[in-house]
Amino acid sequence: MKRVIITISLLAAGLAAAAQTTGVESLSMPFSRLPKTVSTMAMGATPSYYDPSAFALSGKEFSSEISYLGLKSDIPSTNLGVNIAYGLGERLALTLDGLMSMGAEIDGVNSSDMAFGAGAAFAITPNISVGMSGRYLSSSFGSDASFSAFSADVLMGAHFEGLTAGLGVRGLGTKVGEYSLPTSLSADLGYRLDFAEKNALDFKLGADYYFCSAIALGAGAQYTWNDMVSARVGYHKGAVLPSFLSMGCGFAFKGFALDFTYLLSSPTIGGSAMLGLGFSF
């Protein structure tokens with residue numbers, strides 16, 4: 001376990017020291033790197049347990065969420081997402097996800113984006129898993145221009161008591177013309193602290209080194225009471241996504257969950273509000 005902590009920490013520190021933002025403007029289909037859930041946006045856009053490698057170790061049998069991600073900016077967009085994860089026994093996990101981005105208008109022309117994917121993971125030990133997911137991506141600008149691509153994530157996960165970790169490559173895929181997809185080496189580290197019977201604190205760190213020599217960093221914290229009420233805060237230093245501060249809350253009862261996230265302190269997407277409705281067991 002100590003080796004996992006040291007490896008992830010050194011990687012995150014090294015990426016932060018080398019942080020640059022050059023080359024991001026040449027990437028295609030940046031919507032493919034939108035976080036999967038409303039709660040992870042509240043925690044600095046760190047990875048979620050809907051990654052198949054993470055869900056295989058989560059102890060959950062089934063989880064789902066429908067998300068509304070409204071991004072206010074010079075080019076506002078309405079993003080609707082759905083995520084489903086199912087555990088088959090104690091070792092295998094399957095995931096499905098979808099994203100539709102609508103309403104963006106550029107120079108009077110409407111654009112839309114779509115992503116549909118599926119993934120699977122296998123826990124090779126009770127504490128270590130490996131997984132892969134693939135996505136079909138599509139973008140259109142008006143009625144005359146449309147583009148498509150395929151991308152894949154290859155990830156491994158680890159879970160030791162209150163500690164979780166992930167490492168892998170996200171966004172591997174085909175080019176759109178001469179432009180590459182936002183591919184990155186990704187690492188994350190999380191820790192859960194239970195105290196005073198019904199109280200818990202969760203901490204999450206995430207880092208992405210994009211192959212265009214750009215860095216994204218995220219950090220978040222969550223307080224939960226009685227597995228029912230949660231308060232979240234986070235920060236994201238952007239590359240493909242803009243930088244922002246985030247805050248949010250969540251309410252859960254009998255398997256149902258309602259999450260809200262608000263982004264602030266960003267000249268581009270500050271003031272964006274997001275809502276998610278989920279069910280799990």
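## Phe116

Phe116 is partly exposed, at 44% relative accessible area. Buried means under 20% relative accessible area, exposed over 50%, and partly exposed in between (1.4 Å probe, protein chains only). The model is predicted: local features need pLDDT of at least 70, side-chain atom pairs count only at pLDDT 80 or more, and totals for chains, interfaces and linings use all residues. Residues are numbered from 1 along each chain as its sequence is written, and side-chain values use heavy atoms, without hydrogens and water.

Phe116 sits in strand β4 (residues 109–123). Strands (E, at least two residues) and helices (H or I, at least four) are DSSP runs, numbered from the N terminus. Beyond its neighbours within four places in sequence, Phe116 contacts Asp97, Gly98, Gly134, Arg135 and Tyr136. Contact means heavy atoms within 4.5 Å.

## Salt bridges

The whole structure holds eight salt bridges. Each is a side-chain nitrogen of Lys or Arg within 4 Å of a carboxyl oxygen of Asp or Glu. One of them joins Arg135 and Asp97 (3.0 Å, N to O). This pair links strand β5 to strand β3, 38 residues apart. Arg135 is buried at 15%, and Asp97 is buried at 8%.

Arg33 and Asp208 also meet in a salt bridge (3.1 Å, N to O). Arg33 lies in the loop between α1 (2–17) and α2 (38–42) and Asp208 in strand β9, so the pair ties together parts 175 residues apart in sequence. Arg170 bridges to Asp51 at 2.8 Å, N to O. Arg170 is in strand β7 and Asp51 in the loop between α2 and α3 (52–55), so parts 119 residues apart in sequence are tied together.

## Cavities

There are two cavities of 30 Å³ or more. On a 1 Å grid over the protein atoms alone, a cavity is a set of points where a 1.4 Å probe fits but cannot get out; lining residues have an atom within 4 Å of a point. Points are joined across faces, edges and corners, and volume is the space filled by probe spheres set on them.

The largest cavity has about 450 Å³ of space. Of its 31 lining residues, Arg33, Leu34, Pro35, Arg170 and Asp208 lie nearest the centre. Strand β9 gives the most to this lining, with four residues.

The second largest cavity has a volume of about 100 Å³. It is lined by 13 residues, with Pro35, Lys36, Gly98, Leu99 and Arg135 nearest its centre. Strands β2 (77–88) and β3 (92–106) each supply at least two lining residues.

Key. 1 Å grid on protein atoms, 1.4 Å probe; cavity = no way out; pocket = protein on both sides within 12 Å on 5 of 7 lines; lining within 4 Å.
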